[in-house]
Amino acid sequence: MRPSTASAVVIPVVLLLRFISGVYIAFTTLPEWLQNVASVFPLKWIAQGMRAAILPESFGAAEPNGSWELGLVAIALALWLVVGVILSRATFRGIRRNG
């Protein structure tokens, strides 16, 4: 894939992830199966952490489990950090050898 066409592929995927992760609409209005799909991706956890940082404490009751679950947010984002580091090391190691 050429770099000039990458944004045409990435933007629709990111836009879809934003909708299912609770960025544009309330996460609790989504069907439960779609909430489970969104929970696999880091954007759901980032959005939940940002809501906890910006909104008053009382808004945590509107979350699916009735609280912000900041410990779970930290664990999920730490797992994504580890996965990202491993994948980037494996990906860029090959580029360094060939380039």
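**A conversation about helices, loops and contacts**

Trainee: What does Val-23 count as, going by its relative accessibility?
Mentor: Val-23 counts as partly exposed, because its relative accessibility is 39%. Buried means under 20% relative accessible area and exposed means over 50%, with partly exposed in between, using a 1.4 Å probe and protein chains only.

Trainee: What kind of model is this?
Mentor: It is a predicted model, in which local features need pLDDT of at least 70 and side-chain atom pairs count only at pLDDT 80 or more, while totals for chains, interfaces and linings use all residues. Residues are numbered from 1 along each chain as its sequence is written, and side-chain values use heavy atoms, leaving out hydrogens and water.

Trainee: Where is Val-23, then?
Mentor: Val-23 is in the loop between α1 and α2. Helices (H or I, at least four residues) and strands (E, at least two) are DSSP runs numbered from the N terminus.

Trainee: Which residues is Val-23 in contact with, leaving aside neighbours within four places in sequence?
Mentor: They are Arg-18, Leu-43 and Ala-47. Contact means heavy atoms within 4.5 Å.

Trainee: What else lies in that loop between α1 and α2?
Mentor: Ala-26 is one of its residues. With a relative accessible area of 41%, Ala-26 is partly exposed.

Trainee: Where does Glu-63 sit, and is Glu-63 buried or exposed?
Mentor: Glu-63 is in the loop between α3 (42–54) and α4 (70–98). It is buried, because its relative accessible area is 9%.

Trainee: What does the side chain of Glu-63 join up with?
Mentor: A polar contact of 2.9 Å links it to the side chain of Arg-51. A polar contact is a pair of N or O atoms within 3.5 Å; within protein, one must be able to donate a hydrogen and the other to accept it, and residues adjacent in sequence count only if both atoms are side-chain atoms. Not counting residues up to four places away in sequence, Glu-63 touches Thr-28, Gln-48, Arg-51 and Trp-68.

Trainee: What about Gln-48: buried or exposed?
Mentor: Gln-48 has a relative accessible area of 1%, so it is buried. Its place is in helix α3. Beyond its neighbours within four places in sequence, it is in contact with Glu-63, Ser-67, Trp-68, Glu-69 and Val-73.

Trainee: Changing topic, which residues make up the largest nonpolar core?
Mentor: There are six: Leu-17, Ile-20, Phe-27, Leu-30, Leu-34 and Ala-38. Two or more residues come from each of α1 (3–20) and α2 (32–38). A nonpolar core is a set of buried Ala, Val, Leu, Ile, Met, Phe, Trp, Tyr and Cys residues joined through side-chain atoms within 4.5 Å.

Trainee: How many aromatic pairs does a search of the whole structure find?
Mentor: The search finds one. Phe-19 and Tyr-24 form this tilted pair, at 4.8 Å centre to centre and with 50 degrees between the planes. Rings of Phe, Tyr and Trp (its six-membered ring) pair if their centres lie within 6.5 Å; planes under 30 degrees apart count as stacked, over 60 as edge-to-face and the rest as tilted.

Trainee: What are the relative accessible areas of the two partners?
Mentor: Phe-19 has 38% and is partly exposed. Tyr-24, with 43%, is partly exposed.
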